[in-house]
Amino acid sequence: MTAVLAAPSAPAATPALVDLTSTRRSRNGLWAKMPRPVRRLTAPLLILATWWIGSATALLDPALFPPPTQVASTAWRLLSDGQLVTHVGASAGRVLTGTVLGILIGVVLAVLAGLTRTGEDLLDWTMQILKAVPNFALTPLLIIWMGIGEGPKIVLITTGVAIAIYINTYSGIRGVDRQLVEMAQTLEARRSTLITQVILPGAMPNFLVGLRLGLSSAWLSLIFAEMINTTEGIGYLMSRAQTNLQFDVSLLVIVIYAVAGLLSYAGVRLLERLLLSWRNGFEGVA
């Protein structure tokens, strides 16, 4: 009998090899070679370009949807006479004050509820109830209780930030690996050391998620806050523009909110890089 030996066939490409090859090809593309900040600005620039093209081709009614050039001209006019600086400064001050107070209150409550069962029993359900109540529903009551000054505005912003910080930080504390806590207890670490060196660092990623959501909530709460008998702030500027049918000013305020949101997000991303440099997490592929 003659044994017939089959010629060895070429090895089949494994999924891992295919993924690696496609990844290398993508890295050689123009998109992957672009700086990350430029890539992040691509979508906003596309929106701006679509807006400009729609205005230039008359697809958008300029009386109802003013072109970017008119909005830019309005921004320059308000900046020149000092109105824009006044309104943006007033709003930024309220957001900053409410955010700082919200962070302090949210972290303290989250630590009390996260470290002890008694704190959880006393605080957690209350915070969950407040989470389910929309901020604007509190506006009439705050006016009755606190008047029409700065108090209700700051309370609205503080409440939104504190709830976001509490929910995420509490979840982060309860999500710390039990083995790390038991190891620290085995080494007879003090309670303060256990909290500052094990529990709080472990909850830091969740805290930063809460901060990101809290800043978004702060700017949203500002809209309702500045509808409470105020004469300064970008919310007041929006309300006045809607009353007077100044669509260019309304679009300008939307742009300001968008820029403020992006700056807040960038600030949190910077904190993540500084505070979570020890974490070796997945960052996606090119």
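Gly147 touches Leu142 and Pro152, when residues up to four places away in sequence are not counted and contact is taken to mean heavy atoms within 4.5 Å. This glycine is placed in the loop between α8 (135-146) and α9 (150-174), where helices (H or I, at least four residues) are DSSP runs numbered from the N terminus. With a relative accessible area of 25%, Gly147 is partly exposed, on a scale where buried means under 20% relative accessible area, exposed means over 50%, and partly exposed lies in between (1.4 Å probe, protein chains only). Gly147 and Asn229 are 82 residues apart in sequence, yet their C-alpha atoms are 9.8 Å apart in space.

The model is a predicted one, in which local features need pLDDT of at least 70 and side-chain atom pairs count only at pLDDT 80 or more, while totals for chains, interfaces and linings use all residues. Residues are numbered from 1 along each chain as its sequence is written, and side-chain values use heavy atoms, with hydrogens and water left out.

Two packed helices are described by the angle between their axes and the distance between the axes. For helix α5 (residues 68-80) and helix α13 (residues 247-275), the axes come within 9 Å and cross at roughly 85°, the axes being lines fitted to C-alpha atoms over the stretch in contact and the angles running from 0 to 180 degrees between N-to-C directions. The helix α5 is therefore roughly perpendicular to α13, given that angles under 35 degrees count as roughly parallel, over 145 as roughly antiparallel, 65 to 115 as roughly perpendicular and the rest as oblique. On the α5 side, Gln70, Val71, Thr74, Ala75 and Leu78 meet Asp248, Val249, Leu251 and Leu252 of α13. By class, this contact of α5 with α13 comprises 6 nonpolar, 2 polar and 1 charged residues, where Ala, Val, Leu, Ile, Met, Phe, Trp, Tyr, Cys and Pro count as nonpolar, Asp, Glu, Lys and Arg as charged, and the others, Gly among them, as polar.

Helix α13 itself has 29 residues and reaches 42 Å from its first C-alpha to its last, close to the 42 Å expected at 1.5 Å a residue, the expected span being 1.5 Å times one less than the number of residues. The buried residues of α13 include Asp248, Val249, Leu251 and Leu252, as well as Tyr257 and Glu272, and the cover over the buried residues of this helix includes α4 (42-56), α5, α6, α11 (191-225) and α12 (234-243). Leu245 lies in the loop between α12 and α13 and, at 58% relative accessibility, counts as exposed. Most residues other than glycine have a negative phi. Leu245, although not a glycine, has a positive phi of about 55°.

The axes of helix α6 (residues 83-115) and helix α7 (residues 117-132) come within 6 Å and cross at roughly 130°, which makes α6 oblique to α7. In this pair, Leu109, Leu112, Ala113 and Leu115 of α6 meet Arg117, Gly119, Glu120, Leu123 and Met127 of α7, and the contact has 6 nonpolar, 1 polar and 2 charged residues.

Ser217, found in helix α11, counts as buried at 17% relative accessibility; leaving aside neighbours within four places in sequence, Ser217 is in contact with Asn135, Gly160 and Val161.

Notes:
Helix = DSSP H or I, 4+ residues; strand = E, 2+ residues; numbered from the N terminus.
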